[in-house]
Amino acid sequence: MPRRHIHVTGAAEAPLRAALRALRTELGVPEDFPPAVLAEAAAVAKNPRLPSYDATDLPFFTVDPPTSTDLDQAMHLARRADGGYRVHYAITDVAAFVVPGSALDAEAHRRVLTLYFPDGKVPLHPAVLSEGAASLLPGEPRPALLWRIDLDAEGRRVATDVRRALVRSRAKLDYAGVQRRIDTGTAEEPVALLREVGRLRETLEAERGGISLNVPEQEIVEQDHTYSLAYRAPLPADGWNAQISLLTGMAAADLMTAAGTGILRTLPTAPDGAVARLRRSAQALGVDWPHHVSYADVVRAADPTDPRQAAFLQECTTLLRGAGYTVFTDGHIPTPAMHAAVADEYTHCTAPLRRLVDRYAGELCLAAVAGDEPPEWVRAALPTLPDEMAAGSRRANTVERESVDIVEAALLRERVGEVFDAYVIDVKEREPAVGTVHLDDPAVVARIQGGTTRLPLGEWLRVRLAEADPGTAKVLFAPA
């Protein structure tokens with residue numbers, strides 16, 4: 001599911017970059033890998049466990065940001081004779097490199113997730129694996145979990161298979177390039193079908209009440225000791241690509257529930273109070289939300305290229321709070337087992353280079369298809385995986401929240417005392433003079449407090465910047 005993506009460019013000695021380095025230290029982020037882990041990674045990179053099934057004849061391609069090198073997903077799309085589609089989706093086989101109980105395994109359990117800072121990432125696995133031997137880089141044979149998912153003419157899943165296979169990507173594509181090829185009609189059929197299949201899956205998502213948030217990326221650019229803010233709205237190709245991952249996650253969940261053992265990604269339905277709060281935010285930001293229109297329909301209609309609607313989409317991510325991982329064994333399927341945003345049973349299985357749980361989900365699916373019991377090392381880890389993932393997610397959320405505060409403080413640090421136009425998008429129930437405002441320009445969301453009267457929720461307000469300090473990650477406004 002979406003996160004707030006912020007990228008920072010500029011000199012390493014700039015105040016913003018220094019504040020981000022300090023944040024890493026404060027949070028105890030494990031940036032450097034221990035020597036034993038690096039030595040083990042270097043050794044297994046040269047000698048991974050290779051599968052017997054060879055699928056290198058399939059011309060896979062990857063779709064990622066242009067600078068990405070940790071590529072754990074590759075696809076090939078084709079038409080079937082009956083008018084449907086065949087999706088081949090290769091997911092890097094991290095278990096071909098990471099031995100249970102090894103130093104690499106222990107370090108992955110310590111890190112849990114790749115952490116994304118605005119100026120770089122802290123990876124789950126050493127770069128020799130995540131950006132080298134295990135990454136689905138073009139032209140290189142790689143061990144993978146190969147999913148084959150057959151769809152009918154409407155995009156509904158009719159058959160699923162997954163097995164270990166040797167694969168080779170033919171091309172490393174980025175979202176803008178894929179979009180351009182499809183729009184100009186120059187894409188080869190496996191790439192051109194991404195739009196066809198993606199749109200069908202988006203239609204089915206809408207039918208079942210699912211929601212995909214098109215949250216834009218923000219980029220902070222440092223130049224001449226000042227900062228500017230720019231947005232990159234996601235392209236349709238971003239959404240079509242995400243639909244292939246969602247399709248696989250739902251297929252994996254079905255395999256697990258049929259086998260009776262697995263780990264699901266679950267999310268309860270948002271409480272009425274949270275939706276009501278979001279309605280107030282929509283009103284404040286000028287987003288049209290008629291009472292008879294559902295939350296899902298409003299989100300689908302939102303335009304991420306519009307700054308206010310982009311801010312609304314960011315606020316929508318608050319309804320994803322409460323997501324977690326639920327383990328089940330011996331056929332006892334949890335209730336509820338649904339992911340409210342996906343509107344179906346779902347699991348994480350397509351990003352094992354960046355997320356610990358995906359390695360285990362892949363093994364559970366392989367066992368389910370083969371009719372075997374899951375490996376003992378997988379069964380032994382299941383009881384503690386939800387807590388491990390929860391702890392890792394809390395750290396990732398803290399990184400994201402603190403990074404946003406630092407970036408916005410850097411953006412505004414030379415403007416303390418200035419007055420801005422803002423909209424009050426949230427007010428604390430027990431402290432009505434404390435809340436959150438969204439500035440029109442620059443597009444900043446920050447805390448406001450002060451005064452003796454209740455903040456006017458959902459209304460325009462003139463505010464004065466009282467504090468902006470990247471060193472303390474603090475931005476504070478007061479009524480003007």
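Predicted model: local features only at pLDDT ≥ 70, side-chain atom pairs only at ≥ 80, totals over all residues.
Where does Thr317 lie? Look in the loop between helix H10 (307-316) and strand S12 (324-328). Is Thr317 buried or exposed? Its relative accessible area is 18%, and because the cut-off for buried is under 20%, Thr317 counts as buried.

Now let's move on to a barrel. Five strands form a closed barrel in the order S13-S14-S15-S17-S16, and their pairing is mixed. From one strand to the next, the twist averages 50°.

Strands S16 and S17 run antiparallel to each other and are joined over six bridges. If you find Leu465, you will see Phe477 of S17 standing opposite.

A helix also belongs in this picture. Helix H13 lies across S13, S15, S16 and S17, and the angle it makes with S17 is about 60°.

| Element | Residues |
|---|---|
| Helix H13 | residues 385-412 |
| Strand S13 | residues 419-427 |
| Strand S15 | residues 445-449 |
| Strand S16 | residues 460-469 |
| Strand S17 | residues 474-479 |

Finally, there is a pocket to visit. The second largest pocket has a volume of about 230 Å³. Its lining is made up of 13 residues, and Ile211, Thr269, Ala270, Tyr295 and Ala340 are the ones nearest its centre. What classes of residue line this pocket? Eleven are nonpolar, two are polar and none is charged.

Conventions. Residues numbered from 1 in each chain as written. Heavy atoms only, no water. Pairing = 2+ DSSP bridges. Helix = DSSP H or I, 4+ residues; strand = E, 2+ residues; numbered from the N terminus. Axes fitted to C-alpha atoms, helices over the stretch in contact; angles between N-to-C directions. Contact = heavy atoms within 4.5 Å. 1 Å grid on protein atoms, 1.4 Å probe; cavity = no way out; pocket = protein on both sides within 12 Å on 5 of 7 lines; lining within 4 Å. Points joined across faces, edges and corners; volume = space filled by probe spheres on them. Nonpolar A, V, L, I, M, F, W, Y, C, P; charged D, E, K, R; others polar. Buried < 20%, exposed > 50% of the residue type's maximum accessible area, 1.4 Å probe, protein only.
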